[in-house]
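Q: Please take me through reading the helices of a model, one feature at a time.

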Amino acid sequence: MLPATRHRALLQHLGNNGQAGILELAAALGVSDDTIRRDLKHLEAQGLLIRSHGGAVLADMHALPRTARDAVLPEVKEALGRAVAEAIPPGASLMLDAGSTLLAVARALRGPHRVVTHSLDVAQALSTRPEITLVLAGGEWDARQRLFRGPATVDTVRRYRVDLAILGACALHPRHGLTATEAGDAEVKRAMLACSDAHWLATDHLKFDTLAPHAVAPLDDFTRLFCDQPFKADSSASLPAGLTQTALDTTGEPNQ
């Protein structure tokens, strides 16, 4: 197994379990304990995990730059992207958020569609597609998050009315809803919701039951949630009756 493939598998295992011991990881990947120790040291240096006595825990996703978060659960995000893209009505106009899951949606998208986005990666993925009418909402460049933000970005978003906004999640909580790590990103997300008729959310289970500093929207603002595991209410809040969940099954196919 190539090191890059092994690193992805190791992060996938930690993403599914949160933490794991060296012996567990060695058995799961079919390699030696020493190989796992070297891999953990390498991935810790990139800020993707924290080594503990005899194992490792996944790093705080909120604290990681966009490029580092892209390395976590890549297969899950690609499967989510396909599921979302297949559910989009033909010809719908869209607001697409930034992030690796939304990038997977863009890759799987089949037009014709008008797409408004503040993500440079999403825009690049769609830039050569003749069936896509693309609007990039430029403004102040955030290199860490790989998105545009600020008044110019928000102003561009507000010039358009679309059928559907599809957002990713920095954090998702049953009582507090969708929150974002950065104020500028939260402002763009809120503008996208305000300018769209329907609101969908796509995220993986690592964002569940977490909070970020900046409020975006309560759960009842959304009609569909695409995720890799079922999102459940806690003792203090029930999920909105109008929210339809589509969770992937073990094969990566949507299971509504």
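A: A helix is taken as a DSSP run of H or I with at least four residues, and helices are numbered from the N terminus. The model is a predicted one. With that, the residue after a helix can be named: α3 is followed by Gly47, which has a positive phi near 80 degrees.

Q: Which residue follows α2?
A: Gly30 follows α2, and its phi is positive, near 70 degrees.

Q: What span should the 13 residues of α3 have?
A: At 1.5 Å a residue, α3 should span 18 Å; its end C-alpha atoms lie 19 Å apart, which agrees.

Q: Which residues of α3 are buried?
A: Buried means under 20% relative accessible area. In α3 that applies to Thr35, Ile36, Asp39, Leu40 and Leu43. Viewed down the axis of α3, the buried residues fall within an arc of 135 degrees, so they line one face of the helix. Arg38, Lys41 and Ala45 are exposed on the other side of α3.

Q: What do the buried residues of α3 pack against?
A: Their partners are α1 (3-17), α2, β2 (49-52) and β3 (55-58).

Q: Which residues of α2 are buried?
A: Ile22, Leu25, Ala26 and Leu29 are the buried residues of α2. Around the axis they cover an arc of only 100 degrees, which puts them on the same side of α2. The face turned away from that buried side carries Leu23 and Ala27, both exposed. The buried residues of α2 pack against α1, β1 (19-21), α3 and β3.

Q: At what angle do the axes of α2 and α3 cross?
A: The axes of α2 (residues 22-29) and α3 (residues 33-45) cross at roughly 105 degrees and come within 9 Å. Angles of 65 to 115 degrees count as roughly perpendicular; α2 and α3 are therefore roughly perpendicular to each other. On the α2 side the contact is made by Ile22, Leu23, Leu25, Ala26 and Leu29, and on the α3 side by Asp33, Ile36, Arg37 and Leu40. The contact residues divide into 7 nonpolar, no polar and 2 charged.

Q: How do α8 and α9 pack?
A: Helix α8 (residues 151-158) and helix α9 (residues 183-194) pack at an angle of about 10 degrees, their axes 9 Å apart. Angles under 35 degrees count as roughly parallel, and α8 and α9 are therefore roughly parallel to each other. Thr153, Val154, Val157 and Arg158 of α8 make the contact with Glu187, Val188, Ala191 and Met192 of α9. By type, these residues divide into 5 nonpolar, 1 polar and 2 charged.

Notes: Residues are numbered from 1 along each chain as its sequence is written. This is a predicted model: local features need pLDDT of at least 70, side-chain atom pairs count only at pLDDT 80 or more; totals for chains, interfaces and linings use all residues. Side-chain values use heavy atoms; hydrogens and water are left out. Axes are lines fitted to C-alpha atoms, for helices over the stretch in contact, and angles run from 0 to 180 degrees between N-to-C directions. Helices (H or I, at least four residues) and strands (E, at least two) are DSSP runs, numbered from the N terminus. Angles under 35 degrees count as roughly parallel, over 145 as roughly antiparallel, 65 to 115 as roughly perpendicular and the rest as oblique. Contact means heavy atoms within 4.5 Å. Ala, Val, Leu, Ile, Met, Phe, Trp, Tyr, Cys and Pro count as nonpolar, Asp, Glu, Lys and Arg as charged, and the others, Gly among them, as polar. The expected span of a helix is 1.5 Å times one less than its number of residues. Buried means under 20% relative accessible area, exposed over 50%, partly exposed in between (1.4 Å probe, protein chains only). The arc is that of the directions from the helix axis to the C-beta atoms.
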